[in-house]
Amino acid sequence: TIMSDLPKIGQLDSAYFITKPHSFDRRLFDVRLRVPSVRISATLVSTVLRACADMLLNIPRYPCVHKPASISTVGCDPSKQRVILFTPKKSFDDISKELSIILQDEPHLKTCMFIYRVRRLWACYDEDITPNLPFSYIFRVLRWNCLNINIVLEPFEVCLGYSYWTADQILKAALPSSFDEVTTAFEAVGHLAHMNLREHQLPFRHFIGQVILDKNPRLKTVVNKLDAIDTTFRFFKMEVLAGENDFLCTVKENGCHFQFDFSRVYWNSRLQKEHERVVSKLHAKSDVLLDMMAGVGPFALPAARNGVFAYANDLNPDSYKALCHNVKANKLQAKVRAFNMDAREFVKFIVKKVLVEHPKSKEWPSFNHVTMNLPASSISFLDAFAPDMRQDVISRIEEVLRGNISEPLDFHDVRDVGPNKRMVCISFVLPTHAAYNTDFKHSVKSLSSPQIASDEPNQVTSKQSSPRRTDRNSTSTVDDDVPCNKIPHIDTNLC
């Protein structure tokens, strides 16, 4: 394994970056490194690179071959020369020995005319290095010059500046060493980067934002989340850390373009794959989507683009406005119908339109797929799909009576008694098998469960007497003084 030659940035004064978070001196991050190099003919570069692979300079994202910055003292055309950088772990003598072995095997050198040309060797090198060069090294260089091979070994200064270092490397050098980690992760929403900085990082938030902005050229704005998501409209307050004060974002996702004010609506770019997964389950010919918390349309619009009809609703007026704009911008008016309502009221409205006002209408198709993109509380909205209240009450009564009750039934909606809880009154004729069978005495009493809400919640009224006889035509026990055709009528309040 070849070890990296990458130097490190020294620890800097972190207090400086609090006072100048945007205008700090980028030169503070410059790191200079002197390495040995060989200036050689461009035709020999590939040969040297192959043979000296383990001796080359190994700095990530930094090339080891450069064009010469000036004309060589040996008088060659710089456009026909290249500078190859070597690791500082190798000396000039090590490099010259290796080059001597490589170059003596070059085919074109064997046919070279031996021309004795002594050049001014000392001018090719740094004055501090040349006097210390060993004689064997000088001899090899003289031999190359005699063969008319223009090779110059010289020191080369590598400068790694602010533009080279990653955001993580810069922040580690600039922030206090006591920080266990630095935050460079962000959610990209169009031209905007959304960060969630920890409390101990907040004094450096503007500097962190500026570094993120510098290192991501396509970004124009960096913001930090200030508090939790608004419980009603699902957006959060944010602070601009660096860049423009512009929250109007344009995003392309799953083939659709979305435009919205990120400071006023909910959007999470990390959910793109989840949006795609859910939409892929829908079929254009058979499915109709009911999107109760549609936001700006990440489910409804891609589904509509695939041919699915969608009812899309959001309580947030800004989301609704963006939703309508996005529907029009993507030319999906024929496939998406947008609403700005409470989710439960939206379901009731659509059900009424589909089942009551426009049954079997192509304009109001019946939905068979529902999305609720509200992670914190979507389950609580399932009561919008609870069974019909009247049928639910009848089913509960029939379960206790162990049999069916029949018309006439009088069902009355009384009032609200609490959040998501209503009182209703139902009047019905008690079935014969329940009215006169002692086995059902407990069942009739149990009809008034702890959920019953009334002035006397445990009272069930029926006309029965205590004396009993056994009906010859039935195994039931019935009252002596109550005719079999006199069936009790029940009135009970339930919640």
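**Note on cysteines, cores and Ser-14**

1. The disulfide count is zero. A disulfide here is a pair of cysteine sulfur atoms within 2.5 Å. Cys-52 is buried, at 1% relative accessibility. Cys-324 is partly exposed, with a relative accessible area of 30%. The cut-offs: buried is under 20% relative accessible area, exposed is over 50%, and partly exposed lies in between (1.4 Å probe, protein chains only).

2. This is a predicted model, in which local features need pLDDT of at least 70, side-chain atom pairs count only at pLDDT 80 or more, and totals for chains, interfaces and linings use all residues. Residues are numbered from 1 along each chain as its sequence is written, and side-chain values use heavy atoms, with hydrogens and water left out.

3. The largest nonpolar core holds 38 residues. Such a core is a set of buried Ala, Val, Leu, Ile, Met, Phe, Trp, Tyr and Cys residues joined through side-chain atoms within 4.5 Å. Phe-29, Val-158 and Phe-207 have the most contacts inside it. Elements that each supply at least two of its residues include strand E1 (31-41), strand E4 (152-160) and helix H7 (205-215). Helices (H or I, at least four residues) and strands (E, at least two) are DSSP runs, numbered from the N terminus.

4. A separate second core has 33 residues. Among them are Val-189, Phe-258, Leu-282 and Ala-304.

5. Beyond four places in sequence, Phe-29 is in contact with residues including Ile-9, Phe-17, Leu-160, Trp-165 and Ala-174. Contact means heavy atoms within 4.5 Å.

6. Ser-14 lies in helix H1 (residues 14-19). Ser-14 is buried, at 17% relative accessible area. Leaving out residues up to four places away in sequence, Ser-14 touches Ala-174, Leu-175, Pro-176 and Phe-204.
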